[in-house]
Amino acid sequence: MSIVKIFVNGIYTNLKRIIFGSECRTDLQLRQDVLNGNVKPAPKVAEAECIGCGGCSNVCPTKAIVMVPVESVEIAEGILKTAVPEIDEIKCVHCYYCHDFCPVFGLFGVAATIHPNDIGNKCDKDVTSMLLDPSEVSEKNIQYIAQYLTDDSIIQKNKELKEKAQKEAEEKAAQNDAELEG
């Protein structure tokens, strides 16, 4: 087949699709839903898993994220969630700072609870268990993320858990030493 014939065939096929809607791959009902505004975008915030720290709102360069108050929920001992983020799609520039500075991602390395462009998988971990279990997060990383958080109770909880784990390890070592001597 000559290149001219391929070119002409391509133009003819595409003109049929554009002008007459022939062989259109979009379902008519979907078209109607889109045109009528019935298609709802996927949620950008996993509200149940969000810890409500406000880090995403504080780090947003365009102030596209506001914290919306919710009924107070205790997500772990001493940690209350009183607000969740809401993204203004018009102001959002999809820089993903909100995702990258979310403590769930920044500290624990799992998918963040906020996804400005519905990227990747939503957080599928039990955030409460992550907050209660001492994590191996460097102090430098914690301090870097902490500067963007509205509520420092998560950082304080992590510090308390590390101190408790260290104290238990010291007590266990002292107990082992006592057993060896006796």
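Student: Is Y96 buried, exposed or partly exposed, and what is its relative accessible area?

Tutor: Buried means under 20% relative accessible area, exposed over 50%, and partly exposed in between (1.4 Å probe, protein chains only). Y96, with a relative accessible area of 22%, is therefore partly exposed. This is a predicted model, in which local features need pLDDT of at least 70 and side-chain atom pairs count only at pLDDT 80 or more, while totals for chains, interfaces and linings use all residues. Residues are numbered from 1 along each chain as its sequence is written, and side-chain values use heavy atoms, with hydrogens and water left out.

Student: Where does Y96 lie, and what is its phi?

Tutor: Most residues other than glycine have a negative phi. Y96, although not a glycine, has a positive phi of about 70°, and it lies in the loop between β2 (79-87) and α4 (97-101); helices (H or I, at least four residues) and strands (E, at least two) are DSSP runs, numbered from the N terminus. K63 also has a positive phi, of about 55°, and lies in the loop between α3 (55-59) and β1 (65-76).

Student: Which residues form the aromatic pair?

Tutor: Rings of Phe, Tyr and Trp (its six-membered ring) pair if their centres lie within 6.5 Å, and planes under 30 degrees apart count as stacked, over 60 as edge-to-face and the rest as tilted. The structure holds 1 aromatic pair: Y97 and F101, edge-to-face at 6.0 Å centre to centre, with 75° between the planes. Both lie in helix α4, 4 residues apart, about one turn of the helix. Y97 is partly exposed at 39% relative accessible area, whereas F101 is buried at 10%.
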